[in-house]
Amino acid sequence: MTINAKKSLFLYHSNDNVRNEPKTIILMKSSHLIINALAGTLVFSVFGCDQKKPHEKERPNILFCMADDASYPHMGAYGTDWVTTPGFDRVAENGILFNNAYVPNAKCAPCRSILLTGRYSWQLEEAANHVPYFPEKFKTYAEVLSDSGYFVGHTGKGWAPGDPGEINGEPRHLAGPPYQSKTTEPPASYISNTDYAGNFRDFLDERSGDQPFCFWYGGYEPHRAYEFGAGMSQAGKKLSDIDEVYDFWPDNDTVRKDMLDYAYEIEYFDKHLRQMLTLLEMRGELENTLVVVTADNGMPFPRIKGQCYEPSNHMPLAVMWADGIANPGREVDDFVSFVDIAPTFLELAGVNPGETDMEPIEGKSLIDIFYSKKSGTVDTSRNYALIGKERHDIGRPDDNGYPVRGIVTDEYLYLKNFKPSRWPAGPPVTGYLNTDGSPTKTVVLDRRGESTPHDYWRLCFGKRPGEELYNIQKDPGCMNNLADDPEYEDIKNRLRDRLFSKLKEQEDPRMLGNGDVFDNYEYAGEAHRNYYERFMQGEDVPAGWVNESDYRVSREEWKEN
């Protein structure tokens, strides 16, 4: 069985680093399953709803679907006309559409670590970083559900990139054993040939009887690279379909084409979601399956993916469960975080995390929202989200990261940049490695130094102050930093105090004087470790996720400055 994954994606394990090379995947199955359908029976809050509680009925199946690099609001259900997503829209129409879902860390590996453990990235030691060695101590919800009688598996991109470690000499599958044997002919270059829906069918066929399942569909789309112009040539999209281009990019044909290619790949992800829903419906299992559809981080464009702005961390999220969700078709405005996913799945399965080997969970189950009949605000305590990051892609001296913590409310986004002297997307000399290569990135780099309405290069790649504050209701693109405006001093101070108070409760090393520990964790990708030092010594260290043209400053110029 082979995977032909997307160009310029990487799966780091031992010394095998480039994910677009064929990989042999061995399907791992547990030698035994501990069947305990009533483990850790919990008491659930039911807000005036006559739904049965999970421990009073069959435990639901779980289908978790995650696109790779898609921002809110780029799904049809949110009103984005240039992205067509009937699968996502079906889930929203028959369940709940969340308007304020946030990922705490907008990068592939740390996001997935958060989802699987129910803990913030700053509570996950090495797993706070991108491309880490995943700590053995952190057990995932997939592993716990497997121990509790669920049939567990994944297709496409599970937990990655990084080294998940081993169990009994075999690779640890943090999101469940892989199902990757089925392939298909992709409709455009760089779209994965993984037949996600076909692999889901294989997974279901292998299940025993009516055993409940938990399956992770990790699409590689819309991660880069893209076939330039495919959105127009393959899907018939037009440049005029784009209703708005963010102000931190130039609005030209190249950028609009790039956005349409991104939309086309989201639609491919949605196509396989629709096939999975149809498969469950044909087998009579859709009604008792909780379907969760989201993305791991913002779109792979400058100033979004890997950063901490509104489009970076604000995620699409829709859930459907005919047997459990009250008053389907609702929109909910409560702030929900990806730390809430694991405790939701465990509670539905009747598993008490405190009676497992999992480290304490920080998130809060979403069951109260599922069983409520309310739209809008359901739980008034869910009125903020915490975000941040440590090391993402390398490229700085000593493989250092760009540490940030932030808090989002219904009106404001506050950010604390702990090391403002560092380059937020990586230094110019090493190609700004925390921004994927793309036509839009090239356009922004080409415009450096031009007299334009906005300094695109500074906004996307320039250094930032120690504090940032944005009114995201009026300024969702986060263009106007209010942190130094005396009129907003009280708001900034209140948000900072609230943020730091929460982080101290969570024992964030940044609050305890030990924040540099995140820089000292070793980068698991050996081929790129110590990138800056090796590059500056003249070594050719290829970084396949950026373009050669992204390196705009020579080593000699950098040394002189």
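## Start at a buried glutamate

Select E267. E267 is buried, at a relative accessible area of 14%. Buried means under 20% relative accessible area, exposed over 50%, and partly exposed in between, using a 1.4 Å probe and protein chains only. E267 sits in helix α6. Helices (H or I, at least four residues) and strands (E, at least two) are DSSP runs, numbered from the N terminus. What touches E267, once neighbours within four places in sequence are set aside? The contacts are W82, V83, T84, A235 and K237. Contact means heavy atoms within 4.5 Å.

A word on ground rules. This is a predicted model, in which local features need pLDDT of at least 70 and side-chain atom pairs count only at pLDDT 80 or more, while totals for chains, interfaces and linings use all residues. Residues are numbered from 1 along each chain as its sequence is written, and side-chain values use heavy atoms, with hydrogens and water left out.

## Zoom out

Show the whole protein chain. Its secondary structure comes to 15 helices and 15 strands. Of its 561 residues, 63% count as buried. Now take the contacts with a separation of 6 or more: residues 24 or more positions apart account for 74% of them. The chain exposes about 20600 Å², and carbon and sulfur atoms supply 44% of that area. Accessible areas come from the Shrake-Rupley method with a 1.4 Å probe; for residues, only the protein chains shown count as cover.

## Helix against helix

Select α1 (residues 86-93) and α6 (residues 253-282). Their axes come within 7 Å and cross at roughly 50°. That makes α1 oblique to α6. Axes are lines fitted to C-alpha atoms, for helices over the stretch in contact, and angles run from 0 to 180 degrees between N-to-C directions. Angles under 35 degrees count as roughly parallel, over 145 as roughly antiparallel, 65 to 115 as roughly perpendicular and the rest as oblique.

Show side chains next. On the α1 side are P86, G87, F88, R90 and V91. They meet D270, L273, R274, L277 and E281 in α6.

## An enclosed helix

Move to α2, residues 108-117. Why is α2 described as largely enclosed by the rest of the structure? Because 10 of its 10 residues are buried. C108, R112 and T117 are among them. The cover over these buried residues includes β3 (61-67), α3 (141-147), β8 and α8 (341-348). Step past the end of α2 to G118, which has a positive phi near 75°.

## Aromatic rings

Colour Phe, Tyr and Trp. The whole structure holds 33 aromatic pairs. Rings of Phe, Tyr and Trp (its six-membered ring) pair if their centres lie within 6.5 Å; planes under 30 degrees apart count as stacked, over 60 as edge-to-face and the rest as tilted.

Pick F203 and F215. This pair is tilted, 4.6 Å centre to centre with 45° between the planes. The pair links distant parts of the chain, 12 residues apart: F203 is in helix α4 (residues 196-206) and F215 is in strand β8 (residues 213-218). F203 is buried at 0% relative accessible area, and F215 is buried at 0% too.

Then select W82, Y246, F248, W249, Y262 and F301. Ring pairs link these residues into a cluster.

The charged end of R510 sits over the ring of F418, 5.8 Å from its centre. R555 lies over the face of F535, 3.9 Å from the ring centre. A charge sits over a ring if NZ of Lys or CZ of Arg is within 6 Å of the ring centre and within 35 degrees of the ring normal.

## Loops and backbone

Most residues other than glycine have a negative phi, and most peptide bonds are trans.

- Y72 to P73: the peptide bond is cis, with omega near 5°. P73 is in the loop between β3 and α1.
- A160 to P161: this bond is also cis, with omega about -5°. P161 is in the loop between β5 (151-156) and β6 (166-167).
- D398: phi is positive, about 60°. D398 is in the loop between β12 (385-389) and β13 (404-408), and is exposed at 54% relative accessibility.
- D399: phi is positive, near 55°. D399 is in the loop between β12 and β13, but is buried at 3%.
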